[in-house]
Amino acid sequence: MRVIEKSGNEVLLLALPNEKLSRGEYILIEDRIQRTRMIVQVYDESYLDWPELMNDLVREEILNNSAQRIEHDPLEIKTISYLIRDMKLLRCKIRGIVNGDNLTLNDSWLPSRVTTKATRLSISELFSLTKREGYRIISIGITNSGEVFHINAEALDGRLNIITGKKGTGKSHLAKLIVSKLVEYGAYVIVFDLNDEYGGIGWNKDGKPNSIGDKVVSLTPGVSLRFTLDYIGLSGMINMLQHTLDIPGASLREFIRIWEFLESQGSLKMSNLGDAIQKWRCNELIRDALFSRYHTMLSSYLFSDDPEGSTKFEDLFSKLKKGGVIIISLSRLQPQVRKMSVELILSKIVHLLERNRIPPIFLFAEEAHLYLRDTYWDDIVTRMRHFGVFTTFITNQPDAIKDCIYRQADNLFIFNFTNDVDLETISRASTTDSDTIKSIAKTLPPRACMILGKVVNDLPVVITVKPTDMLTLGETSLFFKDYIKDNLRKACN
Ligand SMILES: Nc1ncnc2c1ncn2[C@@H]1O[C@H](COP(=O)(O)OP(=O)(O)OP(=O)(O)O)[C@@H](O)[C@H]1O
Ligand SMILES: [Mg+2]
């Protein structure tokens, strides 16, 4: 490979047809005389764009198709001409200059066209020049050149992550891989599971429990996840009434009075709440408003008067001694109950974290725009993160996440996107240049992903996510299942 041009933070390299480099791979440009080394990353490739080459190609195609002829080429000029036709231009972004054993962000060096040599740089060589923090390895896949690639759990700690990509590209699969490894390392994870697909995380495909089998707790709001009023507390209840049940201000004031009255009597229970609303002396409209909210609460089955049958997160966490994952199954819930559950869970978790009653948690939220209220997004990336809720959003609708959230994201895992609007949304807000994101994300095959951010020291890496032995649940129920089965059988034979 040879340098042929440099402009701004881009370098253009000329490569022979047999020098196979795919988008996302790294190249070391080295000048032994000047003793300078530069690292660049391929983000696009094309053929030589010469009019003479085009003329040749057209002429030859016409001749081939118009008459039979005998070729006489004793000097084998054709071989060279074919080579030229297949030569590639690799468009690369400069990622830095190597200083001693370190990589520094700098693109001011103009490499010589004559004395520099360009060679492929493996990912392990790249990260030996720029050390990544941490030692808790999460192996997630292989690079294009076949190297095993890992990220470190420490780079996810205290961070905001986004996993995004087109439908069915493997986002949840990657999320499950990361969750299971975090739990193995003793972390505490809460998953908002929208498609009932995380339940198999503790099992192998052969039906036997795996290494985290005894660290998985699945809870369904209204069935195995219920709270006493006392546990939720007045502030949690106000949050829920305001943000998910849209209670008017006057009614909320009466509700607070009723709550305080029941609390002073030591009879804060759902059954007493209904009676108290009925007997409370207040405006009829306010009573109606309170009653309708009370009935919604009652029919959600989220509240229980039985302390034994209700959940306390601090008890759950103390049972999971060396880490664990709490899967909140949101799939079968009505949208409103889903929102109520998330509101109650998050406000209680933050309440407990503020008082150091539970350890920091990693929160994995699938398609969060379906249940997270608008004001929570900013809260999650600022206040909640400060108290110890480290969120990973997983979505196939990148525009459902606001630009300001992308800008604060520390790590981005991008799977294939073909839609330009989606790509524009991500590239606009990411710290990595938009050329790299747009060009690479468009060409990623399913199960391959581009990683940006702290986990890779801001050096974008393209990998194919590895398969797991985990039991996969949550596959879409299809009507014509026999067709899929037949195809699978044919593929296996
Ligand atoms: N790296 C992989 N190796 C093996 N199987 C995979 C891999 N990635 C994904 N799959 C399988 O492909 C299917 C789709 O993956 P997954 O559910 O993770 O996609 P998704 O992007 O989350 O889809 P959706 O947008 O519908 O949520 C699943 O059956 C999953 O098990
Ligand atoms: Mg998914």
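1. Asparagine 457 sits in the loop that links β17 (448-453) to β18 (461-465). In this predicted model, its phi is near 50°, a positive value in a residue other than glycine. Asparagine 457 counts as partly exposed because it has 17 C-beta neighbours inside 10 Å, and a residue is called buried if 20 or more other C-beta atoms lie within that distance.

2. Tyrosine 301 also deserves a look at the backbone: its phi is near 55°, again a positive value in a residue other than glycine. The residue belongs to the loop between α8 (284-300) and α9 (313-319). With 14 other C-beta atoms within 10 Å, tyrosine 301 is partly exposed.

3. On the domain layout, the protein is divided into domain 1 (2-129), domain 2 (137-222 + 311-487) and domain 3 (229-300). Between the C-alpha centres of domain 2 and domain 3 there are 35 Å. Contact between these two domains involves 12 residues of domain 2 and 8 residues of domain 3. The side of domain 2 that touches domain 3 is made up, by class, of 5 charged, 4 polar and 3 nonpolar residues.

4. Strand β11 (residues 188-193) is mostly covered, with 6 of its 6 residues buried. The cover extends to both faces. Tyr188, Ile190 and Phe192 are buried on one side, and Val189, Val191 and Asp193 are buried on the other.

5. Which strands pair with β11? One is strand β13 (residues 324-329), which runs parallel to β11 and is joined to it by 6 bridges. Within that pairing, aspartate 193 has serine 329 of β13 as its bridge partner. Another is strand β14 (residues 361-366), paired with β11 in the parallel sense over 4 bridges.

6. The largest nonpolar core holds 121 residues, and the members that touch the most others are Val179, Val189, Val191 and Cys449. In soluble globular proteins, nonpolar side chains tend to be buried together. Apart from neighbours within four places in sequence, valine 189 is in contact with Val179, Leu182, Val183, Val325, Ile361, Phe362 and Phe364. Of these, Val325 falls in the range of β13 (residues 324-329), while Ile361, Phe362 and Phe364 fall in that of β14 (residues 361-366). Val179, Leu182 and Val183 lie in the range of helix α4 (residues 171-184).

7. Ligand 1 is surrounded by 15 residues, the closest being Gly170, Lys171, Ser172, His173 and Pro467. Helix α4 (residues 171-184) supplies the largest share of this shell, 3 residues. By class, the shell has 8 polar, 5 charged and 2 nonpolar residues.

8. Is methionine 384 buried or exposed? Methionine 384 counts as buried, because it has 21 C-beta neighbours inside 10 Å and the cut-off for that label is 20 or more. Its place is in helix α11 (residues 374-387). Leaving out neighbours within four places in sequence, methionine 384 is in contact with Val350, Asp379 and Val389. Leucine 346 is 38 residues away from methionine 384 in sequence, with a C-alpha to C-alpha separation of 9.1 Å in space.

Definitions and conventions. Residues numbered from 1 in each chain as written. Chains lettered and ligands numbered in written order. Predicted model: local features only at pLDDT ≥ 70, side-chain atom pairs only at ≥ 80, totals over all residues. Core = buried A, V, L, I, M, F, W, Y, C linked by C-beta atoms within 7 Å. Buried ≥ 20, exposed ≤ 12 C-beta atoms within 10 Å, placed from the backbone. Contact = placed C-beta atoms within 7 Å. Near = placed C-beta within 6 Å. Helix = DSSP H or I, 4+ residues; strand = E, 2+ residues; numbered from the N terminus. Nonpolar A, V, L, I, M, F, W, Y, C, P; charged D, E, K, R; others polar. Domains from an automatic or database assignment. Pairing = 2+ DSSP bridges.
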